[in-house]
Each structure stands twice: as structure tokens, then as C-alpha cells.
Amino acid sequence: MSTAAASPARAQTRIGRVLAASLVGTAVEWYDFFLYGSAAALVFNKLFFPESDPLVGTMLAFLTYALGFVARPLGGLVFGHYGDRLGRKKLLMVSLVMMGVATAAIGLLPTYASIGIWAAVLLTALRLVQGFAIGGEWGGAVLLVSEHGSARHRGFWASWPQAGVPVGNLLATAVLAVLAATMDDAAFESWGWRIPFLLSAVLIILGYWIRSSIEDAPVFTEARAKAEAAGGPKRAPALEALRRYPKEIGVCIAARLVENISYYVLTAFVLTYVTTHLKLDKSLVLNALLVANVVHLVAIPAFGALSDRLGRKPVYLAGTIGMGLWALVFFPLLDTRNAWLITLAIAGGLIAHAAMYGPQAAFFAEQFDTSVRYSGTSIGYQVTSIIAGSLAPLIATALLTSYGGPAPVALYVIIAAIISTAGVLMATETRSRDLSEVPAR
């Protein structure tokens, strides 16, 4: 009896440790990734593209930002391939170190004033390394939790690595907000912007230490043992995922479209819109983002838990439809120039985003069997980054520059919401699926 009683406790301890490792590592990596986006909107246009018009300089800075997303599918393919062959944990450790080294190196870069165009070249190269590393992070982190957790609470547990995204954004925004409040613009642009990038080295050490204490889930180790007993895999996991699950990958890409576009409009483009178009102080929008990211952090696991009760599809659909509707009021709220309403605009959008992002990890993981799950989820998740998140701030800035107002940007988000809604409606409900079994076709 004591053994039976101890078993749930051991399982709870294990999932808690795995959850902490995934959440902390993901938060650190997204801190690095979002820090670049914030810096691109606030200072990189001046430090690396100083001869351009302010909005054009911002577009060039966002172009280097976008290149990080272009590298993400490649990272997803490489990490997914070896993650399905060697294990989730090993590849997560590699991605964490790669991201930390690249981010700290950005903090040491000379600017255009020192070495001219080579400053932008080096910045772009390091951004590509960031993108490659983050491309392998997401799939491994969410699968580590999904494959350890029970089907009954998978939506809730798997949502916590997702919550690492607002935690990372919160950290990046908080550091920038403190610097903006404690130093003048000249000091921030001269050397202050380097501080948060260099802090990444400390955070990476913390994340590495925590991740070193966990192991891959039994569902993966058993599947790998069976594959090895049968003579090993006959085809690369990515190719196998594309052959066997084309519809499921298509569903993931479509479902992620408005989630990815809206997030970067809400958190990256909003910096440009408020500071350059509305000509308000950057501290106002940074503080609004701080509050909104706290709301986002709470909402993500709440919607993940709700998907365990109602199903993945209805919760996800509430997010796609809600985001399309919120796009109609987002910019009018920003245009009031009122700090509270600007905060409401961003927080409301992030609540709709959380309705998609909360159940997303479990929803995507449940589409594929264990032998190709890392590759399949990474392809569906990261391919969308090229056509959605990478271009969203750039497209939004170009639309604002061309039309002089935000209406085309709102329409851009609404169209993406319609496509995502259609994609989710095509999916099969996957709640309570046993991840050790091959999905029914």
C-alpha cells in the first residue's frame, strides 16, 4: 500500500521537475529572442542603420529581426531529427548554450559608427544563430512535458513551457524598462542597451543547471528501444512526418498563423507604433507591456487547463475568432494615447492570444506519434515563423508607412484570423489521446 501511495507522489515530483526545467530554459531562450525584437524597435535602427529615415531604419532593423525566424525552421529540422533519434534533453541543452552565446555576443558588438556596414553583417549573423537555436527549443521543451504528463492534465502541464514565452518577454521588457527609467536616451543608446544582452550569460548558466537534472520520458525511451530492436528507423524523421502526416502539419501551420502574426504585432510592432507614430515616450509602452505580459502569463495555463475540460478545438477557436474581433479595437485604443487604455489594448490582445497558445503545445503534440513527434511539431510550428512572425513587424511597419494609418494592419490580422479559424475547424479533436499510441487516421 505504501508503494502505491508513493507512486503518484514520485510522478508528481518528476513532472514538477520536468516542468521547471522546461519553463526556465524556455523563458531564458525567449528572453534572448525578444530582447532583440525590443532593441530592434528602440535602438538598432539608430546604432546599426543610422543613415536611414527613422521608419525605414526601423524596417531595416526588423529585417534582421525577421532573418532570425527564417533560420528557425532549419533549426527545427536539425534539432527535430536528432531529438527524435537521440532524445529531447540532449538537444535542449545544445540549443540553450547556442542561444546564450549568440545573445551575449550581440552585447559586445561594435556599432556602425565603429566598423560601418560590418556591424550590421555581424548583427545579422548572430541573429541567425539565435533563430537556429530557438527553432530547436520549442519542440523539445513542450514534448518533454507532454510526454511526461498524463493525458488528463496534458493541456495544463504542456502550457507551462508556453508560459516561458511571456516570462522571457517580461524579463526582457522589465530590464529595458528599468534602464529606460534610470538613464537618459544618450546613455541608453551609447552603452545601456548592451546590459540586458550581457545578462543572458548568467541566465543561461541557471537554465543549464536546472535542465541537467531531468531525463527523457519513458514513452520516448520505450519507442526508441522498439525502433532499435526492429533495426532502427528506415527514413529521416522529418521525411517520415511529411509522408505520414501532411494534413496534421497543414493544420498546425494554419492554426499558428494568426497566433504568430498577432503576437508580434502586439509585442514588437506596438513599440514602433506608440513611440514613432504616436510619438509617446518609450517608458509608457514598456510599462504597458509589463502589465500585459503578467496577464498573458496567467492566461496561458488557464486556457491550457480549460482545453483539458472542453477540448483543444473549442478553446483554440475562441482565440482565433477573438483575435480577429480584437483587431478592430486594438488601434483605436492605442490612438487614445491614454496609458491605461494602451495597457488594455495590449492585454486584451494577449488574452485572445493565450486562448490559442495555452492549448497549442498539447494540441500539436497529439497530432503525431512518438517516432516523429519532435520533427512533426517543429515543422508545423517553425515553418509558420517564416510566413508569419518573421514578417509581421516588417509588414505592419510597411503598411503603416504606406497608408499613414493602422487600418491595413488591423485587416492583416483579421485575414490571418480567418485562415487560422478554417484550419482549426479541419482538425480532429485530440484531447485525452494516449501519446504512446499511433494517432487514428
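1. Leaving aside its neighbours within four places in sequence, Gln382 is in contact (heavy atoms within 4.5 Å) with Arg72, Pro73, Gly76, Ile134, Gly135 and Trp138. A polar atom of the Gln382 side chain lies 3.3 Å from the backbone oxygen of Gly135. Gln382 is buried, at a relative accessible area of 1%; buried means under 20% relative accessible area, with a 1.4 Å probe and protein chains only.

2. Before you go further, please keep in mind that this is a predicted model, in which local features need pLDDT of at least 70 and side-chain atom pairs count only at pLDDT 80 or more, while totals for chains, interfaces and linings use all residues. Residues are numbered from 1 along each chain as its sequence is written, and side-chain values use heavy atoms, with hydrogens and water left out.

3. Gln382 sits in helix α15, and α15 (residues 373-387) has a crossing with α10 (residues 237-244): their axes come within 8 Å and cross at roughly 70 degrees. That makes α10 roughly perpendicular to α15, the term for angles of 65 to 115 degrees. Axes here are lines fitted to C-alpha atoms over the stretch in contact, with angles running from 0 to 180 degrees between N-to-C directions. From α10 the contact takes Pro237, Ala238, Ala241 and Leu242, and from α15 it takes Ser375, Gly376 and Ile379. By class, this contact has five nonpolar, two polar and no charged residues.

4. Next, have a look at helix α5 (residues 117-148). Its 32 residues should span 46 Å at 1.5 Å a residue, and its end C-alpha atoms are 48 Å apart, which agrees. The expected span is 1.5 Å times one less than the number of residues. Of the 32 residues of α5, 24 are buried, so this helix is largely enclosed by the rest of the structure.

5. Helix α17 (residues 407-426) has 20 residues and reaches 29 Å between its first and last C-alpha, close to the expected 28 Å. Its buried residues include Pro408, Val409, Tyr412, Val413 and Val424. The buried residues of α17 pack against α11 (246-277), α13 (312-335) and α16 (392-403).

6. Finally, the overall picture. The protein chain has 17 helices and zero strands, counted as DSSP runs from the N terminus (H or I, at least four residues, for helices; E, at least two, for strands). Of its 441 residues, 59% count as buried. Among contacts between residues at least 6 apart in sequence, 87% join residues at least 24 apart.

Key: Buried means under 20% relative accessible area, exposed over 50%, partly exposed in between (1.4 Å probe, protein chains only). Angles under 35 degrees count as roughly parallel, over 145 as roughly antiparallel, 65 to 115 as roughly perpendicular and the rest as oblique. Ala, Val, Leu, Ile, Met, Phe, Trp, Tyr, Cys and Pro count as nonpolar, Asp, Glu, Lys and Arg as charged, and the others, Gly among them, as polar. A polar contact is a pair of N or O atoms within 3.5 Å; within protein, one must be able to donate a hydrogen and the other to accept it, and residues adjacent in sequence count only if both atoms are side-chain atoms.
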